[in-house]
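Please take a look at the structure shown below. This report walks through it part by part.

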Amino acid sequence: MGSRGHRSKTASKLTNQGARLCSFGLSVILIQLCAAFNLDVENPTVYSGPEGSYFGYAVDFYLTNTSSVSVVVGAPKANTSQVNITQGGSVFYCPWSTGQSDCNSIEFDNEGIRTISIKDVNRKGEFKSHQWFGATVRSHGDTILACAPLYSWRTKEDEPRVDSTGTCFLSVNNFTKFVEYAPCRTELFGPAGQGYCQGGFSADFTKDGKVVLGGPGSYYWQGQVIAAVKEEIIKAYYPGYFLSSVEGEMRTKQLKQTVYHDDTYMGYSVTAGEFTEDNVEDFVAGIPKGEWLHGLVSILNGTDLTKVKTFSGEQMGSYYGYSVATTDINNDGRMDLLVGAPMFMILDTDGRLEERGRVYVYMQKGLLDLQPQLPHLTGTEVYARFGSSIAPLGDLNQDGFNDVAIGCPFGGEDKQGVVKIYNGHSGGLQDKPSQVISGQWASTTIPASFGFTLRGNKDLDMNGYPDLIVGAFGADQAVVYRGRPIVNTSVSLLVHPAMINPEEKHCVITRGNDSIAVSCVNLSFCLLANGKHLPDKLVFRVEVQLDRQKQKGAVRRALFVDSQQPSLIRSLTVPNGARHCHETKIYLRDEKEFRDKLSAIYVALNFSLDPQAASDKHGLRPILNYQTTELIEQKAQILLDCGEDNICVPDLKLTVVGDRKEVYLGDENSLTLTFNAKNDGGGAYEAELHVVLPPEADYSGIARNNESLTQLTCSYETENQTRYLSCDLGNPMKSGTNLWAGLRFTVPRLKDTRKVVQFDLQIRSKNENNSQSEMVPYKLEVVVQADVILQGVSRPDKVFFPPPNWKVTKRLEVEGDVGPEVSHIYELVNNGPSRISHTLLQLRCPMRGRLSGHQFMYPLEVTTQGPLNCSTNRTVNPHHLKLQQSSTEQPPLLEKQVHHIEKREAHKGQLAEMSNLSCSSVDCWTLSCNVGLLERGTSAILTVRSRIWAETFMEFSYKNYVLECQATYDVQKMPYSILPKESPSGAKKVVTPVVWNKPESQYAVPLWIIILAILAGLLLLALLIYVLYKLGFFKRTEYGTAMEKAQLKPQAASEA
């Protein structure tokens, strides 16, 4: 039965852990960088086993010599060729190479079920189905130890039994000999003895080849540890015998305090290490349920298995002792101890317990003096079972200290499992992993359990760096990660001089056909590389960035002279152990091209190994040591006019005045803020006026109506919903600067929830010291104000008597029977800016005489437009007269009365004689109206149509009157929580004069007088013509005398 192995580039994922850069000065500073380290996760070797076999439950290296390197993998649920055995389990031998390879099952036991003779009767003697052979696998030289902890046998008792004693097999001399070792298969059967021992549940080899087994089920699950020399086990083996005795075998004894020690599971985990300084390796046994479930770990003397040191867990149920490992972490010659408690729980931020897991590290300071490293290593993921497996790796990073891998089989994304690599140092293990490897296999019916078992501290490819095997039995996989060669580097970066003087221009650059002098300085960098087992030459990719801290898209202030670019990329080939240097020049851009003159120009050098470089002879690419920085920086300064220390300290002052103190709800509220900015100190670089606008305001522009004001350049921006204005005041704003400028705003979005609107103004600069002025607030009071007017007009503007076509009737039936029509129109207008919501509009018009009872005006109907609701204290149209179809009646036109002539003098006299009929002298009817919401620019119109009571005025012939109506308004409420300073109110008088026409006799001219006047005019014209004729006015005479005529002739032609 076989299994396939292959190379995979996607078998794992890498999580980078670590810190980046801190600040740098002009000298080189190396910074520790924790990154993905040197286990090669890009090209691991992945071995796959039979589906469902739990291939990968146990793993180990098998290195017999330098030419034969391989991996052994346990698959405790695999089927074998053994007859009548189901899922007996197997161990696979997987030769390793950089190409593909096969995994083959090792036939440790080719027998089926053996029989046992009971009273001369052969009976079934053992049970190998589901025995979990391969659950434990360890190798030592040419020997492989493989155990089946669930193996059972019948015992030799008459009554048939099934005792799960467990059994192990050793492969000796490269699979040339196989021997069985079942130390718990004894006559001490049943739970009180070794009947449930499960020997081989855990196992290990000492350096000299001694075998140590854990049997956690012996003696009512007190458990025990058994140790024997490999050679003695081989000697004692005799095929066909169930019971055997191994010379020099040691066993821990049953403890008497059964209540305290029963069910404690001693031997759940075992390992070996030297702690007693007697040159004999001791044993370490995990007892995860000891000390009332707190867990124990005991160090057993390698000579007699007596307890010499015991450690106890700190939390009940944490399974302290589930895994144990030993290694000399700090390389001081003393073995240190690691103990896993994968179910350890901590309190989360809400006070609830979370299972995180913990690993305890005990550093050996002297003889049996093991001190815990604090703080303990604690898992970061819930239910990841951090500490389920612990594997010493050896010196993985070749720094002189040994490293450790810790498994979290249910950690990572989708619980696929992770393995964390912790590097050693002089004080123990680093508290953060240098590398986290994640499994790629998703959970199916069971989790993949990547990291359930680990094995390290062996070099498969002989490249000088140890490798790691990770089992993922839930996916039937085992993965080999090889250690990559580590490159140690030392890098220097220098900018000289560190101060760039813009006035000193010693370099020349070319742009087109122009040569431009620029300020420049020298830049140089050197790289030294070395390490163990490296190729002769290493290829680096080096990138130098100028002004690196400027954000993307910003102007880089410095450029390289030869390329006029802000970056330099070079490929450097550096021999192992040698140094390579490079020199160039950088220059400063023209000052007009950038604003920032204060901050340092950071020069950053980033380097890495060229990913395109060829792999070494082992097929691996070297990796940079994570304890060497990959990025270093220097800084250069621009020389300023700030004295010897190159530090400017400004003294900025700001005053602000505005053209208004109030803003009105509903208005655009144009505002001009005029400010005075002064600097009485040193130069202020990148000086700006910073104006924070209130949410109600908008920026309109610069004030340009005054030549004395400085014209600024401003930008309007928004940051975190705060709008602000930045106006350039100079770079630098020189000492002694005193400028005036104006900014225009509008404040249109006022709300009545705020009574004050505030602008915050401040001068800011980028100087380190005294960089800004005091904040100057400019406050505006929010005011409610409305300009309300009431307009009124009479239609017609005069009423003439006597009314045409009117006569007195005894019974009024239609409205025309009353008299001439007149309409009064009133318009209440809100000119704003604020709104009004409740206004009382009242109208009072003459009704009748107080004593005489004469009627003056008869109201017919009231019409409205807009939010008006009116009521009257008198009945409109009380006689229920029939109204005309048309709401208005045109008054008679005076021009059509051709026989009437009005004299201006007469009008004046009539107006002087008019009598006012107003509410102060007569009774009036009253109309009250409630006006609703009026926005700015809207109005409400009231129209009252009436008839003049003609009968009354006909009694007082030729006496003129004026009918006077009085309208008033009072704004009682405005829709704001802010009260107005003054409520609008007012009144309007509308008058209608009643005017009498004079009789026709006073103004008629007889026709005969007109005819006589025409004849007299014609006679007078004829007489005038006759007189002129007699006087010779119409006769003509010749022009001048003969002499005068001769003088008028033209001159002779000869004279011409």
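Is Cys 965 buried or exposed? Cys 965 has a relative accessible area of 0%, so this residue is buried. Keep in mind that the model is a predicted one.

**The disulfide at Cys 965**

Cys 965 has a partner. A disulfide joins this residue to Cys 845, with 2.1 Å from S to S. The angle about the S-S bond is 125°, and the link of Cys 845 and Cys 965 is right-handed. Cys 845 sits in strand S64 (residues 838-848) and Cys 965 in strand S70, so the pair ties together parts that are 120 residues apart in sequence. Cys 845 has 2% relative accessibility, so Cys 845 also counts as buried.

**Other disulfides**

How many disulfides does the count come to? The count comes to nine. A disulfide is a covalent bond between the sulfur atoms of two cysteines.

One of them is formed by Cys 184 and Cys 197. Both cysteines lie in the loop between strand S15 (177-181) and strand S16 (202-205), 13 residues apart. Cys 184 is buried, and Cys 197 is buried too.

Another disulfide is formed by Cys 507 and Cys 520. Why is it called right-handed? The torsion about the S-S bond of Cys 507 and Cys 520 is about 65°, so this disulfide is right-handed. Cys 507 belongs to strand S42 (residues 507-511) and Cys 520 to strand S43 (residues 514-530), so the pair ties together parts that are 13 residues apart in sequence. Buried here means under 20% relative accessible area. Cys 507 has 9%, so it is buried. Cys 520 has 17%, so it is buried as well.

| Disulfide | S to S distance |
|---|---|
| Cys 184 and Cys 197 | 1.9 Å |
| Cys 507 and Cys 520 | 1.9 Å |
| Cys 845 and Cys 965 | 2.1 Å |

Cys 408 has 1% relative accessibility, so Cys 408 counts as buried.

**Domains**

How is the protein chain divided? Domain 1 covers 46-260, and domain 2 covers 268-465 + 472-483. Domain 3 spans 486-637. Domain 4 spans 652-783, and domain 5 is made of 788-878 + 913-996. The C-alpha centres of domain 1 and domain 4 are 87 Å apart.

**Nonpolar cores**

The largest nonpolar core has 80 residues. Which of them touch the most other members? They are Phe 675, Leu 689, Leu 729, Phe 759 and Leu 843. Strand S70 (residues 961-973) gives the most to this core, with six residues. Where does the core lie? Domain 4 (652-783) and domain 5 (788-878 + 913-996) both give residues to this core, so it lies between them.

Now zoom in on Leu 843. Its neighbours within four places in sequence are left aside here. Leu 843 is then in contact with Tyr 826, Trp 925, Thr 926, Leu 927, Leu 942 and Val 944, among others. Cys 965, Gln 966 and Ala 967 are also among its contacts.

A second, separate core has 33 residues. Leu 572, Leu 588, Phe 607 and Ala 636 are among them.

**Aromatic rings**

The count comes to 40 aromatic pairs. A pair of aromatic rings is described by the distance of the centres and the angle of the planes.

Take Tyr 320 and Tyr 360. Their ring centres are 5.2 Å apart and their planes are at 75°, so the pair is edge-to-face. Tyr 320 is in the loop between strand S23 (307-312) and strand S24 (323-327), while Tyr 360 is in strand S28 (residues 358-366). The two are 40 residues apart. Tyr 320 has 0% relative accessibility, so Tyr 320 counts as buried. Tyr 360 is buried with a relative accessible area of 3%.

Tyr 360 also pairs with Tyr 362. Their ring centres are 6.5 Å apart and their planes are at 15°, so this pair is stacked. Tyr 362 counts as buried, at 7% relative accessibility.

Which residues form one aromatic cluster? They are Phe 801, Phe 856, Phe 953, Phe 956, Tyr 958, Tyr 961 and Trp 996.

**The annotated span**

The unreviewed UniProt entry annotates residues 1007-1029 as "transmembrane region". In the model, this span is 100% helix and 0% strand. The end C-alpha atoms of residues 1007-1029 lie 34 Å apart.

Technical notes. Residues numbered from 1 in each chain as written. Predicted model: local features only at pLDDT ≥ 70, side-chain atom pairs only at ≥ 80, totals over all residues. Heavy atoms only, no water. Core = buried A, V, L, I, M, F, W, Y, C linked by side-chain atoms within 4.5 Å. Buried < 20%, exposed > 50% of the residue type's maximum accessible area, 1.4 Å probe, protein only. Helix = DSSP H or I, 4+ residues; strand = E, 2+ residues; numbered from the N terminus. Domains from an automatic or database assignment. Contact = heavy atoms within 4.5 Å. Disulfide = S-S within 2.5 Å. UniProt positions renumbered as here; feature names shortened; annotations may be inferred. Phe/Tyr/Trp six-rings, centres within 6.5 Å; stacked < 30°, edge-to-face > 60°.
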